[in-house]
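Subject: Structure for your files

Hello,

Here is the structure, with the notes on what was found in it below. Please read them with the model open.

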Amino acid sequence: RAAREGRLIPLRRLHPSIAHLPSQEDAALAYAETSSMVRYLFERAGDGGLKILLERLGDGATLDQSLESATKLDMKRLQSWWRQTVTGTRQTPAPVVQLLSKRFKRGRTTTGDSLESLLEPEVRKLLRVGDLLRLRGHIAAAVFEYQQAEERVPSPTPALTDRLAACLLALGKAAEAEPMLLKIAELYPNHSTVHVQLGQAYEALGKREEAKDAYLRAIGLSPFHPALHCTLAKLLERTEQGSATREHENCKLLSQNAADL
């Protein structure tokens with residue numbers, strides 16, 4: 001959207017730190033631009049090009065020199081082509097993630113506030129009703145409440161999708177949960193729960209390789225969570241015995257450590 005509205009931040013302004021940008025919105029845009037540029041470089045130069053980029057940077061070359069070596073383009077042309085890519089008329093803008101505003105309250109800190117507390121009161125009410133129904137085993141009714149809440153939020157949020165996906169998976173509706181989880185995984189790639197749920201959905205759909213990749217991403221984010229290693233071990237038992245044995249050992253060790261704590 002920023003590209004189409006002529007609001008892209010010049011790459012030179014990202015140096016020496018995104019923290020120097022004047023607003024939270026600018027920082028979010030800078031991260032998006034960086035991600036987009038890396039994706040563009042990969043599509044143009046592939047693994048080999050990215051390897052050259054990192055090697056040249058490691059050897060002390062400037063960023064401009066390293067990019068030119070990796071892509072065989074001068075910086076002016078590279079940035080021009082990248083801008084054309086992100087402003088392409090065939091692209092569908094991604095859902096905008098609602099930015100969390102800073103909140104200050106006199107006399108106490110607010111570090112304990114959850115993402116859920118930032119949602120509208122009507123949305124929080126629907127979530128509470130859904131939670132109560134879910135606790136009482138009324139999973140289908142809980143799904144209805146969560147979907148009502150989903151219609152009222154301005155952008156996807158893990159505070160809602162974690163609950164809704166869990167219910168859909170419990171009802172055996174993995175095919176319905178999969179596209180929702182893929183969207184939230186793209187918007188919140190560091191949220192480990194979505195990768196766990198994606199793995200469960202893929203397993204239910206018979207997509208074993210995709211399930212393995214999802215569990216590995218979750219382990220990369222939460223490497224000391226024993227349940228993740230236990231789940232992955234069971235998935236690998238039939239096809240990758242060596243890896244399954246290693247994950248069983250990780251599962252046992254981490255479970256024992258958790259019990260000792």
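**Salt bridges**

Lys 207 and Glu 178 form a salt bridge, with 3.0 Å between the closest N and O atoms. This pair links distant parts of the chain: Lys 207 sits in the loop between α8 (192-204) and α9 (208-221), Glu 178 belongs to helix α7 (residues 174-187), and the two are 29 residues apart. Lys 207 is partly exposed at a relative accessible area of 30%, whereas Glu 178 counts as buried at 14%. Please keep in mind that this is a predicted model.

A salt bridge also joins the side chains of Lys 212 and Glu 240, at 2.8 Å from N to O. Lys 212 is in helix α9 and Glu 240 in the loop between α10 (226-236) and α11 (241-260), so the pair ties together parts that are 28 residues apart in sequence. Lys 212 has a relative accessible area of 19% and is buried; Glu 240, at 22%, counts as partly exposed. The cut-off for buried is under 20%, and the two residues fall on either side of that value.

Glu 247 and Arg 246 meet in a salt bridge through their side chains, with an N to O distance of 3.8 Å. Here Glu 247 is buried, with a relative accessible area of 5%, and Arg 246 is partly exposed at 43%. The count for the structure comes to 5 salt bridges; the pairs described above are among them.

**The disulfide**

The structure holds 1 disulfide. It is formed by Cys 230 and Cys 251, whose sulfur atoms are 1.8 Å apart. The torsion about the S-S bond is about 80°, which makes the disulfide of Cys 230 and Cys 251 right-handed. Both Cys 230 and Cys 251 are buried. Another cysteine, Cys 167, is also buried, with a relative accessibility of 0%.

**Helix α5**

Helix α5 (residues 139-150) has 12 residues, which at 1.5 Å a residue should span 16 Å; the C-alpha atoms at its ends are 16 Å apart, in agreement. Which residues of α5 are buried? They are Ile 139, Ala 142, Val 143, Glu 145, Tyr 146 and Ala 149. These residues cover an arc of only 165° around the axis, so they lie on the same side of α5. An α-helix has 3.6 residues a turn, so residues three or four places apart point the same way. The cover over the buried residues of α5 includes α4 (121-135) and α6 (158-170).

**Gln 197**

Gln 197 is part of helix α8 and is buried, at 7% relative accessible area. A polar atom of the Gln 197 side chain lies 2.9 Å from the backbone oxygen of Asp 162. Leaving aside residues up to four places away in sequence, Gln 197 touches Thr 161, Asp 162, Ala 165, Ala 166, Leu 169 and Leu 181.

**Lys 72**

Most residues other than glycine have a negative phi. Lys 72 has a positive phi, near 65°. Lys 72 is in the loop between α2 (63-71) and α3 (75-86), and is exposed, with a relative accessible area of 69%.

Regards

Notes
Residues numbered from 1 in each chain as written. Predicted model: local features only at pLDDT ≥ 70, side-chain atom pairs only at ≥ 80, totals over all residues. Heavy atoms only, no water. Helix = DSSP H or I, 4+ residues; strand = E, 2+ residues; numbered from the N terminus. Expected span 1.5 Å × (residues − 1). Buried < 20%, exposed > 50% of the residue type's maximum accessible area, 1.4 Å probe, protein only. Arc of directions from axis to C-beta. Contact = heavy atoms within 4.5 Å. Salt bridge = Lys/Arg side-chain N within 4 Å of Asp/Glu carboxyl O. Polar contact = N/O pair within 3.5 Å; in protein donor to acceptor, adjacent residues only side chain to side chain. Disulfide = S-S within 2.5 Å.
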